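Work through the exercises below with the model open. Each task is followed by a solution in steps.

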Amino acid sequence: MQTTTQQQIASSTTIGRTLIVGSAAGVISAIVSNLLAWGIIAANDFQFEMLNGFSITLSAFFANVIGAFIYRFWQKRSSRAVIYYAILSLAMAVLMTINTASNPMEPHIGTVANPLHFAVALLSLVLIPKFMQRTAAAEPPKG
């Protein structure tokens, strides 16, 4: 069961605000992921053709935009949206890590890609619920 406040937050979150939340979380996640990748690549003296700033940015950004819509969907239907979103985010990070380990595109790519999977998932898990609450609280009351 949802409380009245949770129902108000869930019903007041529009598609536009969801897109803004996902985009904001995506930009932050992309910046952090690129910095993390740069640090790991520089420390290990790696070079990758397929893993670059552009691919990391697109992946992190769109993962968060899609995640915001998934979170919004659960937020409207359950009081446990954060728990469900945490399970999904971490499960996706694990599955992506398994995929990278079993089908590496380039040698040693898992050394960089696997931490990025979890960084994006954790940032999404923290930022999206927090931003969704802020946007709902910032809206003027209806009536």
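**Exercise 1.** Describe how α2 and α3 pack, by angle and axis distance.

Step 1. In this predicted model, α2 and α3 pack at an angle of about 145°, and their axes lie 7 Å apart. Axes are lines fitted to C-alpha atoms, for helices over the stretch in contact, and angles run from 0 to 180 degrees between N-to-C directions. Helices are DSSP runs (H or I, at least four residues), numbered from the N terminus.

Step 2. α2 and α3 cross in a right-handed way; that is, the near helix is turned clockwise from the far one by less than a right angle.

Step 3. The contact of α2 with α3 has twelve nonpolar, ten polar and one charged residues. Ala, Val, Leu, Ile, Met, Phe, Trp, Tyr, Cys and Pro count as nonpolar, Asp, Glu, Lys and Arg as charged, and the others, Gly among them, as polar.

Residues are numbered from 1 along each chain as its sequence is written. Local features need pLDDT of at least 70, side-chain atom pairs count only at pLDDT 80 or more, totals for chains, interfaces and linings use all residues, and side-chain values use heavy atoms, without hydrogens and water.

**Exercise 2.** Find the residues of α3 and α4 that make their contact.

Step 1. The angle between α3 and α4 is about 145°, with the axes 9 Å apart, and the crossing is right-handed.

Step 2. From α3 come G67, A68, I70, Y71, W74 and Q75, and from α4 come A81, V82, Y84, Y85 and L88; contact means heavy atoms within 4.5 Å.

Step 3. By class, the contact of α3 with α4 has nine nonpolar, two polar and no charged residues.

**Exercise 3.** Classify the relative direction of α2 and α5.

Step 1. Helix α2 (residues 15-44) packs with α5 at about 155°, at an axis distance of 8 Å.

Step 2. α2 and α5 are therefore roughly antiparallel (angles over 145 degrees).

Step 3. Their crossing is right-handed, and the contact of α2 with α5 divides into 19 nonpolar, six polar and one charged residues.

**Exercise 4.** Which element gives the largest share of the lining of the largest pocket?

Step 1. The share of α3 is the largest, at nine residues.

Step 2. By class, the lining has 19 nonpolar, eleven polar and no charged residues. A pocket is an open set of points on a 1 Å grid over the protein atoms alone, where a 1.4 Å probe fits, with protein on both sides within 12 Å along at least five of seven lines; lining residues have an atom within 4 Å of a point.

How values were computed: Helices (H or I, at least four residues) and strands (E, at least two) are DSSP runs, numbered from the N terminus. Angles under 35 degrees count as roughly parallel, over 145 as roughly antiparallel, 65 to 115 as roughly perpendicular and the rest as oblique.
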